[in-house]
Amino acid sequence: MRLEPFFDNFDILADTANAVEKMRALVLDLAATGRLVPHESEWPKHSLKSLAAKIGSGATPAGGRDSYFSEGVPLIRSMNVHFRGFDPVGLVFLSDEQARQLSNVVVQPNDVLLNITGASIGRVTTAPSTMAGARVNQHVTIIRPKSELFPRFLAVFLASPLVQRMIDDIQVGATRQALTKAMIEQFEIPLPPPDEQKRIVAKVDELMDLCDRLEAQQKERKTRHAALTRASLTRFADAPTPANLNFLFQKSYTIPPADLRKSILTLAVQGKLVPQDASDEPASLLVARLAREMSDTTRTRQAAPLPEPLGDSQQYQIPDSWRWCRFRDVAIIASNLVNPKDYPDFTHLAPDNIVKGNGVLLACSTVREDKVISSNHRFYRGQIVYSKIRPNLAKAVVVHFDGLCSADMYPIEALIDVNYLHRYMLSEPFLIQAVKTDTRVAMPKINQTELNATLVPVPPLLEQRRIVDRVDELMTLVDTLEAHLVKGGTKGAELMEAVVAELTIKD
């Protein structure tokens with residue numbers, strides 16, 4: 001068994017997903033299978049029943065939690081038993097009389113405590129000296145090893161992935177996970193010489209301390225990274241160039257790509273992503289022309305009363321050439337319910353076909369394949385299809401084909417640049433309005449009146465197109481950088497698996 005690969009690649013392994021958890025599991029696996037410290041002979045195995053002076057669980061006093069006291073004899077419950085040690089948080093106390101009724105489960109220092117029911121089944125530790133004289137309830141078993149079995153070695157073995165998998169396989173109980181005393185008694189326990197057991201435990205403690213320090217460093221680094229992320233995003237907001245975007249992807253810290261995409265969209269709809277051009281036709285003239293060009297039917301429909309905008313809807317100042325408008329001034333919700341039986345071969349689009357927050361369309365089936373029977377909206381190439389259900393998910397996509405969409409969605413005909421409006425509907429400023437309009441808890445949604453009332457920052461038409469081009473440029477760069485991160489993470493994960501495989505090969 002060689003530990004060199006583990007330590008030679010420690011820095012890479014430390015950055016992989018769940019690295020510390022995997023390292024701890026690896027240490028326990030090596031310890032339980034005799035590959036953590038050198039040994040000369042095979043370990044004989046014995047049933048736990050033959051190696052234990054006591055195996056037994058307790059009970060909860062009549063009256064449950066109402067019967068506990070603020071002081072007295074401690075009662076250990078499953079919440080106090082953890083793999084990394086005894087946790088006194090939540091410890092309760094019994095009266096002397098209650099404790100006498102549990103005199104058969106009096107805890108001694110170094111007793112092995114094993115959770116035998118519920119979601120925490122299998123968690124194990126040893127009792128600290130401060131718990132001498134405590135009792136356990138029915139969810140915890142006391143295992144008191146005989147002299148030839150070192151308690152800490154037993155706890156290490158029981159905590160190992162090998163035994164935890166076994167516990168998962170043999171647990172019983174129709175409504176609760178459970179280990180019975182008979183099952184525990186039949187556990188086969190390897191029995192190294194006493195000195196070797198102690199060397200194993202000492203090595204486990206040494207490596208677990210390293211893991212603890214690494215975990216603490218990771219937490220501290222995460223806190224520092226959060227501050228660096230905020231500072232870097234501020235820098236990018238001040239100068240949203242591809243160069244500054246690339247600067248955000250550092251080896252020492254990485255800003256989540258989702259946060260970058262959100263920032264790019266916010267900057268775009270604030271007028272900070274591209275410079276304004278004085279020669280552009282101002283948005284006020286664009287909006288006035290749109291109003292004149294509306295059909296009489298549309299103009300009548302658009303004139304329906306709307307609620308007042310949210311007090312904080314205009315969350316920021318926009319350039320002088322821009323204009324705040326209502327959604328209905330720049331788009332038409334093109335409701336068009338039809339019978340799906342008349343369109344069996346049309347593409348069918350449902351909310352689940354759109355990736356939340358980024359407007360990516362997933363694979364769709366036909367109306368016939370989805371067995372659609374209720375009325376659907378017919379949509380047309382070049383429209384935006386927007387899910388009114390759970391507006392916090394920001395599911396909107398520009399479609400490049402004709403089809404039918406769920407009645408839980410709106411086909412939207414943009415009167416301004418469709419790609420700009422789509423980007424705005426994915427942005428945080430729009431999301432804030434869409435979510436705040438809704439008061440329904442069971443099934444949040446935004447109705448047509450609420451959607452029509454939302455405010456839209458409208459740039460000049462040419463600037464809208466420049467904004468879309470710049471957003472696409474930066475989003476492509478984010479996609480590329482994200483792919484590098486994923487590749488790097490995959491490499492680290494593959495290396496971790498390779499190191500674990502090498503370390504777990506028996507000599």
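Strands β3 and β6 (residues 92–94) pair in the antiparallel sense over 3 bridges; two strands count as paired if DSSP finds at least two bridges between them. The model is predicted, so local features need pLDDT of at least 70 and side-chain atom pairs count only at pLDDT 80 or more, while totals for chains, interfaces and linings use all residues. Residues are numbered from 1 along each chain as its sequence is written, and side-chain values use heavy atoms, with hydrogens and water left out. Helices (H or I, at least four residues) and strands (E, at least two) are DSSP runs, numbered from the N terminus.

**Strand β3 and its partners**

- In the pairing with β6, the bridge partner of valine 73 is leucine 94.
- β3 also pairs with strand β9 (residues 135–136), in the parallel sense and over 2 bridges.
- In that pairing, isoleucine 76 stands opposite valine 136 of β9.
- Strand β3 (residues 73–76) is covered on both faces: Val73 and Leu75 on one side, and Pro74 and Ile76 on the other, are all buried.
- Buried means under 20% relative accessible area, exposed means over 50%, and partly exposed is in between (1.4 Å probe, protein chains only).

**The chain overall**

- The protein chain has 18 helices and 22 strands.
- Of the 507 residues in the protein chain, 46% are buried.
- The accessible surface of the protein chain comes to about 25,600 Å², and 53% of this belongs to carbon and sulfur atoms.
- Accessible areas come from the Shrake-Rupley method with a 1.4 Å probe; for residues, only the protein chains shown count as cover.
- Among contacts between residues at least 6 apart in sequence, 75% join residues at least 24 apart, where contact means heavy atoms within 4.5 Å.

**Sheet β2-β10-β7-β8**

- Strands of a sheet pair through backbone hydrogen bonds, either parallel or antiparallel.
- Here 4 strands form an open sheet in the order β2-β10-β7-β8, and the pairing is antiparallel.
- β2 (52–57) and β8 (124–126) are the edge strands; each has a single partner strand, so one side of each is left without a neighbour in the sheet.
- On average, neighbouring strands of this sheet are turned by 20° against each other, direction ignored.
- Within the sheet, β7 (residues 112–115) and β10 (residues 140–145) are joined in the antiparallel sense over 4 bridges.
- Valine 112 faces isoleucine 143 of β10 across this pairing, the two standing opposite each other.
- Threonine 125 is placed in strand β8, and it counts as buried at 7% relative accessibility.
- Leaving aside neighbours within four places in sequence, the contacts of threonine 125 are Val81, His82, Gly85, Phe86, Asp111, Val112 and Leu113.

- Helix α6 (residues 151–159) lies across β7, β8 and β10, and runs at about 170° to β8.
- Axes are lines fitted to C-alpha atoms, for helices over the stretch in contact, and angles run from 0 to 180 degrees between N-to-C directions.
- The axes of α6 and helix α3 (residues 19–32) come within 8 Å and cross at roughly 120°.
- Leu28, Ala31 and Ala32 of α3 meet Phe153, Val156, Phe157 and Ala159 of α6.
- Methionine 23 also lies in α3, and it counts as buried at 0% relative accessibility.
- Methionine 23 and methionine 208 are 185 residues apart in sequence and, C-alpha to C-alpha, 8.6 Å apart in space.

**Sheet β13-β21-β18-β19**

- Another open sheet of 4 strands has the order β13-β21-β18-β19, with antiparallel pairing.
- β13 (331–333) and β19 (396–398) stand at the edges with a single partner strand each, so one side of each is left without a neighbour in the sheet.
- Neighbouring strands here are turned by 25° against each other on average, direction ignored.
- β13 and strand β21 (residues 409–414) run antiparallel and are joined by 3 bridges.
- Isoleucine 332 has glutamate 413 of β21 as bridge partner.
- Helix α15 (residues 418–426) lies across β13, β18 (384–387), β19 and β21, and runs at about 165° to β19.

**Helix α12**

- The buried residues of helix α12 (residues 283–293) are Ala283, Leu286, Val287 and Leu290.
- Seen down the axis of α12, these buried residues fall within an arc of 95°, so they line one face of the helix.
- The arc is that of the directions from the helix axis to the C-beta atoms.
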